[in-house]
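The entries follow in the order in which I looked things up.

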Amino acid sequence: MSRTVIELNGIKREFIVGDETVHALRGVSFSINEGEFVTIMGSSGSGKSTLLNILGCLDTPTAGEYYLDGISVRKMSKNKRAILRNRKIGFVFQNYNLLAKTTAIENVELPLMYNAEISSSERRKRAIDALKAVGLGDRLEHKSNQMSGGQMQRVAIARALVNNPAVILADEATGNLDTRTSFEILVLFQRLHAEGRTIIFVTHNPDISSYSSRNIRLMDGHVIEDTVNTNILSAAETLASLPANEDD
Amino acid sequence: MNWTNLFRISLKALANNKMRAFLTMLGIIIGVAAVITMISLGQGAKKNIQDEISGMGSNMIMIHPGGERRGGVRLDPSEMQTLKETDYKMLRKENLFLAGISPNVSMSGQLISGNSNYPSSVSGVSTDYISIRQLNVAEGEMFTETDIRKSAKVCVIGTTIVENLFPDGDNPLGKIIRLNQVPLKVIGILESKGYNSMGMDQDDIVLVPYTTVMKRFRAIDYLEGIFASAISEDMTDLATADIESILRRQHKLKDEEPDDFMIRTQQELSEILDTTTNLLTTLLACIAGISLLVGGIGIMNIMYVSVTERTREIGLRMSVGARSIDILVQFLIEAILISITGGILGILTGCGASAAIRWLGDWPVAIQPWSVILSFLVCTVTGVFFGWYPAKKAAALDPIDALRYE
């Protein structure tokens with residue numbers, strides 16, 4: 001039995017908009033073990049963004065308990081959560097969120113810049129390793145505006161890996177990419193999964209669920225489905241079967 | 001807190017926007033340069049005037065007849081005749097704080113030598129006058145006490161007089177010059193002192209024994225003034241008080257009666273002029289200070305816009321683990337870097353401009369080390385002060401909202 005990385009117990013999150021109280025999450029409970037590749041799906045308004053914010057320690061639940069790697073997050077201060085994000089979480093965003101006019105290596109170094117325990121030589125070494133791991137070993141000094149969408153997303157994934165996080169949180173990570181590039185990114189995620197990384201992939205695209213090991217479906221703030229995927233498709237095979245782009 | 005990394009992050013952010021950083025800096029550069037140049041100019045003018053005043057004489061005290069002038073009230077001519085030769089002699093005998101003392105009576109008219117003539121005036125003085133006014137006899141010698149006693153017809157002349165009366169380059173020593181039919185033998189020539197700041201030719205001068213002027217030229221028994229010099233600058237006040245009591249006694253003034261003479265010291269004169277030049281410096285510095293303030297507001301404005309523009313970047317930094325304080329410090333460092341770099345460039349520009357003014361415009365300029373330090377401190381404070389608000393705003397952003405900001 002592998003270790004539990006994430007444990008949610010009756011998570012509720014309410015927002016007060018004007019006079020109304022909006023219940024974004026109405027009691028969500030599940031746990032995720034180390035090495036799982038989980039897709040969280042749901043249409044817009046299902047509460048998946050709120051859940052992602054809570055999982056990413058950007059937000060705290062109104063009620064319920066959340067343990068990340070055994071640490072209770074609910075009562076944590078803003079600063080402590082920032083440090084927790086720095087050490088335990090790697091984010092991958094839909095729109096990459098790379099720093100403009102900045103090289104790949106500097107972008108990947110960013111999380112380590114906020115960790116005083118890591119020396120500059122160590123930081124550089126780890127950034128280079130992370131970029132090699134996502135297949136960008138030959139583009140270390142390329143600036144963000146000289147790269148394609150797929151390359152930028154690889155840089156973003158390298159950035160998420162560089163602090164060796166307990167969990168990688170991907171928010172519609174393939175949403176801005178064409179089909180072919182999306183599958184290239186999925187191949188990368190599957191490889192990271194195979195290497196033992198814990199990945200949570202939030203998406204509204206149901207196709208992606210076939211490539212993950214477990215699917216959680218949200219609707220109106222409740223978990224309506226939580227299934228283990230016994231038939232994981234290989235993204236690499238799908239990619240190979242795709243018609244090659246004319247201009248490639 | 002990881003200062004080195006935050007410093008690197010700030011530096012990188014500025015480097016990514018070099019043009020903008022430079023333009024923001026320009027406000028500070030101009031402000032600091034203006035402060036330094038203006039203060040240099042003001043202080044240069046002050047120093048110039050101070051030199052001028054100390055060149056006039058050493059610790060000079062001037063005594064004039066007549067009471068305090070009251071605006072517009074015409075003085076009785078007899079009031080202008082209150083200083084007598086006996087006053088001078090008594091002061092000379094009794095006042096212990098004076099290094100030298102000389103009466104002053106003058107006579108103007110046309111000086112004639114051979115077929116040259118020149119309008120000027122002669123000053124009747126005593127032998128001390130030379131030391132009081134810091135004059136030097138270049139050739140020949142000053143007249144003596146004996147000359148004074150005999151009302152001798154001798155004179156010591158300045159170089160302007162030499163040039164005008166002896167245009168052919170003859171040696172004036174021993175020659176006779178005439179004023180109002182009275183022949184004066186030239187026994188000495190003064191070293192040239194040039195023009196003073198008021199444009200007066202200090203070499204247009206003829207010194208004769210005061211007794212000669214009083215008896216031979218004007219037939220008067222009063223003095224137009226007395227010049228004296230205190231032993232040292234510190235003694236000026238004591239000397240002045242002593243002069244006042246001696247003169248009041250001499251003039252038999254009762255306690256309630258006002259002085260019938262006026263004492264002015266060089267110190268007073270320099271204080272008055274100092275006040276004027278300090279006012280000038282303050283005014284210049286204020287104008288320059290305003291431009292520094294405007295520069296500071298420029299920083300605030302740019303930093304403020306920059307926070308809005310970089311909202312997503314801030315959100316990202318927060319999501320990868322930057323705390324609010326890290327963001328605050330990053331933006332503060334950026335503001336301070338802009339202002340300090342601007343400050344250093346401004347100091348260089350200001351010193352350069354001051355030097356250029358001195359060199360090209362031949363203006364008196366004195367770069368003040370304190371103005372350099374002050375303006376540097378001011379721009380650091382400006383950076384912190386005007387950088388604080390935008391930095392605070394950046395640090396207060398919510399990472400979720402910041403990440404979604406379009």
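**Chain B, overall**

I began with burial in chain B: buried residues make up 41% of its 406 residues. I note here that this is a predicted model.

I then went through the secondary structure and found 13 helices and 10 strands in chain B. Next I asked how the radius of gyration of chain B sits against the globule rule. The radius is 34 Å, whereas the rule gives 22 Å for 406 residues, so chain B is more spread out than a compact globule. I also took the box along the principal axes, and the C-alpha atoms of chain B fill roughly 105 × 60 × 35 Å.

**Domains of chain B**

I looked up the domain assignment of chain B. Domain 1 is made of two stretches, 3-52 and 272-404, and domain 2 covers 99-229. I then checked how far apart the C-alpha centres of domain 1 and domain 2 of chain B lie, and the value is 59 Å.

**Where chain A meets chain B**

I counted the residues on each side. On chain A, 19 residues are in contact with 17 residues of chain B. Which helices of chain A each supply at least two residues to the side that touches chain B? They are α2 (78-88) and α3 (104-113). I noted that α2(A) gives the most to that side, with 6 residues. By type, the residues on the side of chain A that touches chain B divide into 11 nonpolar, 4 polar and 4 charged.

**Backbone angles**

I looked for a positive phi at residues other than glycine and wrote down two entries, one in each of chains A and B.

Lys101(A) has a phi of about 55° and is not a glycine. I found Lys101(A) in the loop between β6 (89-92) and α3 of chain A. Is Lys101(A) buried or partly exposed? Lys101(A) counts as partly exposed, because it has 15 C-beta neighbours inside 10 Å, and a buried residue needs 20 or more.

Asn180(B) has a positive phi of about 50°, and it is not a glycine either. Asn180(B) lies in the loop of chain B between β6 (176-179) and β7 (182-190). I counted its neighbours too: with 14 C-beta neighbours inside 10 Å, Asn180(B) is partly exposed.

Key. Residues are numbered from 1 along each chain as its sequence is written. Chains are lettered from A and ligands numbered from 1 in the order in which they are written. This is a predicted model: local features need pLDDT of at least 70, side-chain atom pairs count only at pLDDT 80 or more; totals for chains, interfaces and linings use all residues. Two residues are in contact if their C-beta atoms, placed from the backbone, lie within 7 Å. Helices (H or I, at least four residues) and strands (E, at least two) are DSSP runs, numbered from the N terminus. Ala, Val, Leu, Ile, Met, Phe, Trp, Tyr, Cys and Pro count as nonpolar, Asp, Glu, Lys and Arg as charged, and the others, Gly among them, as polar. A residue is buried if 20 or more other C-beta atoms lie within 10 Å of its own, exposed if 12 or fewer, and partly exposed in between; C-beta atoms are placed from the backbone. The radius of gyration is taken over C-alpha atoms; the globule rule is 2.2 Å times the number of residues to the power 0.38. Domain bounds come from an automatic or database domain assignment.
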